[in-house]
Amino acid sequence: MATLLLPVSLLLSCLAVEAAAAATFSSRLIHRFSDEVRSLRAPARRGGANGSCAAEAPWPEKRSVEYYQVLVASDLRRQNMKLGARHQLLFPSEGSKTMSLGDDFGWLHYSWIDVGSPSVSFLVALDGGSDLLWLPCECVQCAPLSASYYSSLDRDLNEYNPSGSSSSKHITCSHRLCESGPSCKSPGESCPYTVNYYTENTSTSGLLVEDILHLASGSGQASNSSVSAPVVIGCGMKQSGGYLDGDAPDGLMGLGLGEISVPSFLAKGGLVPNSFSLCFDEDDSGTIFFGDQGPANQKYTAFLPSNGKYETYIVGVEACCIGNSCLNQTSFSALVDSGTSFTFLPNGVFETIAQEFDRRVNATRSSIKEVPWKYCYKPSTKEKPKVPSLTFVFPLNKSFVVFDPVFKIYGMEGLVGFCLAIQGTDIDIGTIGQNFMMGYRIVFDRENLKLGWSRSNCQDIDDDRSMPLTPNGRSPNPLPTTEQQSAPGGGHAVAPAVAGRAVSKPSAASEKLISSRLSLISLMPLLLLLHFLATFLHMNEPFSLIHQNSLR
């Protein structure tokens with residue numbers, strides 16, 4: 001505790017010890033203002049320019065006012081340095097929970113967020129494949145926001161109004177994040193934006209603004225502080241395509257690598273490490289945590305650059321396995337995208353995997369109407385279907401196991417069929433979508449440019465223990481239509497929706513979170529020291545001016 005009450009810089013003096021077959025080393029700590037260090041530094045000070053030591057500050061006497069002033073000034077300088085993030089984990093102020101809603105909402109996961117002053121709530125889709133956070137705003141062409149339009153909502157959605165938020169600021173064309181700047185008539189006008197998505201004719205456009213995103217910091221079993229983070233927001237005046245049909249009607253939070261994404265702003269502001277996690281549970285719920293770098297025992301693989309730049313979360317799969325059979329010529333690169341509901345693989349890889357799956361599954365292949373998948377089956381009435389697992393093998397033999405790579409189809413009498421939940425695509429890069437992330441805590445470590453994963457129940461982020469290798473059964477979900485889930489042009493979509501049940505109110509914060517690095521208890525010693533110095537200096541008037549200067 002003494003070291004906490006007097007946080008000082010120490011000099012390390014290494015002393016050699018006897019060499020032996022198993023060499024050991026020891027060291028002792030010497031205070032930088034000790035007599036020993038003073039004697040060592042004296043010759044160097046005398047050897048300054050012109051034989052003068054005027055370039056150095058006087059050596060403070062131990063326990064003098066100057067002594068404490070130098071120590072406190074040093075500590076304050078260290079506090080002001082960006083030595084680490086101010087919070088270990090952050091999550092939306094309405095809670096860390098995410099949810100998959102009904103058919104109306106596009107098979108995506110959503111989170112409630114609060115924006116502006118006063119704060120207004122928005123139900124945004126979470127998309128790892130894009131960067132911008134946009135909200136319906138001063139609408140010219142937006143999706144309906146009335147709860148009566150959606151079967152799974154019990155309250156109306158909101159429209160963002162920058163003029164109604166005292167913390168909002170327009171982003172001008174001269175701003176470094178304004179990509180449209182060169183085409184503006186003048187540098188002082190508001191910055192326009194347009195983002196086109198992979199789904200055909202799906203886009204958002206409007207003006208960029210800056211406003212406050214309200215977050216919470218987790219400690220122990222509850223949220224213990226609120227955080228207001230300035231971020232850039234797209235005031236989405238005009239949406240098209242899927243965004244008029246129910247995908248992200250109340251906005252979308254891009255989580256990509258671009259400078260304009262929310263994770264980039266939080267990391268650059270020193271609020272959290274440059275990383276975040278998503279966890280999707282089997283019951284259509286999940287969590288999001290900013291700053292989460294994952295447990296120590298997680299597996300990981302490096303992101304790959306695209307055209308020499310790290311712009312999206314692309315990974316390289318070296319091989320694919322069905323059950324215990326690993327297949328030749330099944331390597332490919334894939335985008336890991338929370339904004340795509342299902343998984344797409346290059347056609348050649350897809351057919352190799354599908355044919356091995358078909359050979360191993362103990363069910364009869366059958367066509368099922370109005371589903372987009374090619375390999376579908378009807379289970380035998382005599383025995384429960386045995387579905388082989390699918391494994392993606394990454395470099396260094398790191399494996400990602402999808403234990404149940406199917407979409408189950410339920411009717412009035414229970415399970416009526418299931419399909420291998422993969423589609424082929426004409427392009428070389430596949431997409432690992434939400435359905436293959438179920439039951440995993442997926443960590444997007446942007447600081448170290450790697451993807452991490454570990455089995456998780458998406459409830460206990462404090463618990464690093466591995467889950468059992470056999471996941472719980474998935475709850476039944478209505479089917480998407482072929483039109484909803486077909487990826488135009490062989491690409492991947494910001495895909496339409498799973499039917500689920502909406503929560504009646506915003507979800508509460510996760511009960512167990514990693515404690516904050518700067519808790520009140522850890523700050524108490526420094527506060528006590530400053531209080532002591534303030535009291536001491538108040539009693540010694542001549543030193544008050546010096547004290548003020550040292551604490552600037």
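This is a predicted model: local features need pLDDT of at least 70, side-chain atom pairs count only at pLDDT 80 or more; totals for chains, interfaces and linings use all residues.
Local features were taken at pLDDT of at least 70 and side-chain atom pairs only at pLDDT 80 or more, while totals for chains, interfaces and linings use all residues. Residues are numbered from 1 along each chain as its sequence is written, and side-chain values use heavy atoms, with hydrogens and water left out.

Disulfides were assigned to pairs of cysteine sulfur atoms within 2.5 Å. By this rule the count is seven. Among them is the pair C279 and C458, with sulfur atoms 2.0 Å apart. This pair joins distant parts of the chain, 179 residues apart. C279 lies in strand β13 (residues 275-280), and C458 in the loop between β30 and α6 (482-485). Strands (E, at least two residues) and helices (H or I, at least four) are DSSP runs, numbered from the N terminus. The S-S torsion of C279 and C458 is about -75°, so this disulfide is left-handed. Accessibility was classed by relative area: buried under 20%, exposed over 50%, partly exposed in between (1.4 Å probe, protein chains only). C279 is buried at 2%. C458 is also buried, at 4%.

C321 and C326 form another disulfide, with a sulfur separation of 2.0 Å. Here the torsion is about 90°, so the bond is right-handed. C321 is buried at 4% relative accessibility, whereas C326 is exposed at 51%. C320 takes part in no disulfide; the nearest cysteine sulfur, that of C321, is 7.3 Å away. C320 is buried, with a relative accessible area of 0%.

The sulfur atoms of C139 and C142 lie 2.1 Å apart in a further disulfide. Its torsion is about -95°, so it is left-handed. C139 is partly exposed, at 29%.

R455 lies in strand β30 (residues 450-455). R455 is buried but has no salt bridge, defined as a side-chain nitrogen of Lys or Arg within 4 Å of a carboxyl oxygen of Asp or Glu. The nearest side chain of opposite charge, E282, is 5.1 Å away. A polar atom of the R455 side chain lies 3.3 Å from the backbone oxygen of G439.

Four strands form an open antiparallel sheet, in the order β21-β22-β26-β25. Pairing required at least two DSSP bridges between two strands. The edge strands, β21 (364-365) and β25 (406-411), each pair on one side only. β25 runs antiparallel to β26 (residues 414-420), joined by six bridges. I409 stands opposite G417 in β26.

Definitions and conventions:
Lys and Arg count as positive and Asp and Glu as negative; His and the chain ends are not counted. A polar contact is a pair of N or O atoms within 3.5 Å; within protein, one must be able to donate a hydrogen and the other to accept it, and residues adjacent in sequence count only if both atoms are side-chain atoms.
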